[in-house]
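Please keep the structure in view while reading.

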Amino acid sequence: MLNDAEILKLFLPELLIEHFEMMKFEEENKILHIYFEEKNTAPKEFSSAMLQSKGFVPEITVDDFSAPRKKTVKLHIKRRRWTDVKKQETSSREIGILSPKEHA
């Protein structure tokens with residue numbers, strides 16, 4: 001039997017399931033809103049740096065429509081803001097899923 005994460009991988013990008021936690025979901029006016037926050041695990045691409053999580057960058061919303069679901073889905077994604085302790089530089093994980101629109 002599949003667990004929750006394995007089921008979500010069938011419908012959502014794997015990157016989203018691996019690096020983000022689903023915080024909540026709700027249906028409003030026939031639109032499914034799913035809210036994600038990045039896990040407090042530093043991205044591998046910054047493995048050589050000493051990173052600390054310093055909150056989140058502004059949330060993005062990705063519009064998704066799948067014909068089999070016949071339902072519009074809005075993915076609300078909050079990425080962490082990471083600070084390199086030594087360099088005092090900030091960065092965040094790049095996610096290449098669809099074309100995000102800034103959340104208004």
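## Pairing of β6 and β7

Threonine 83 has threonine 90, a residue of β7, as its bridge partner, in a model that is predicted. The two strands concerned, β6 (residues 80-84) and β7, run antiparallel and are joined by 3 bridges.

This pairing belongs to an open sheet of 3 strands, in which the order is β3-β6-β7 and the pairing is antiparallel. Because β3 (51-56) and β7 (89-91) each have a single partner strand, they stand at the edges, and one side of each is left without a neighbour in the sheet. From one strand to the next, the twist averages 30 degrees. In general terms, the strands of a sheet pair through backbone hydrogen bonds, and the pairing may be either parallel or antiparallel.

## The loop between β6 and β7

Lysine 87 is found in the loop that lies between β6 and β7. Is lysine 87 buried or exposed? Its relative accessible area is 57%, which is over the 50% cut-off, and lysine 87 is therefore classed as exposed.

The position of lysine 87 can also be described relative to alanine 49: the two residues are 38 residues apart in sequence, while their C-alpha atoms are 8.8 Å apart in space.

## The largest pocket

The largest pocket holds about 190 Å³ of space. Its lining is made up of 10 residues, and those closest to the centre of the pocket are Leu8, Phe11, Leu12, Leu32 and Ile34.

Which elements each supply at least two residues of the lining of the largest pocket? They are α1 (4-11), β1 (20-28) and β2 (31-38), and the largest share, 3 residues, comes from α1. When the lining is sorted by class, 9 residues are nonpolar and 1 is charged, whereas no polar residues are present.

## The chain as a whole

The protein chain contains 2 helices and 8 strands, and, read from the N terminus on, its elements follow the order α-α-β-β-β-β-β-β-β-β. Of the 104 residues in the protein chain, 29% are buried.

Notes
Residues are numbered from 1 along each chain as its sequence is written. This is a predicted model: local features need pLDDT of at least 70, side-chain atom pairs count only at pLDDT 80 or more; totals for chains, interfaces and linings use all residues. Side-chain values use heavy atoms; hydrogens and water are left out. On a 1 Å grid over the protein atoms alone, a cavity is a set of points where a 1.4 Å probe fits but cannot get out, and a pocket is an open set with protein on both sides within 12 Å along at least five of seven lines; lining residues have an atom within 4 Å of a point. Grid points are joined across faces, edges and corners, and a volume is the space filled by probe spheres set on the points. Helices (H or I, at least four residues) and strands (E, at least two) are DSSP runs, numbered from the N terminus. Ala, Val, Leu, Ile, Met, Phe, Trp, Tyr, Cys and Pro count as nonpolar, Asp, Glu, Lys and Arg as charged, and the others, Gly among them, as polar. Two strands pair if DSSP finds at least two bridges between them. Axes are lines fitted to C-alpha atoms, for helices over the stretch in contact, and angles run from 0 to 180 degrees between N-to-C directions. Buried means under 20% relative accessible area, exposed over 50%, partly exposed in between (1.4 Å probe, protein chains only).
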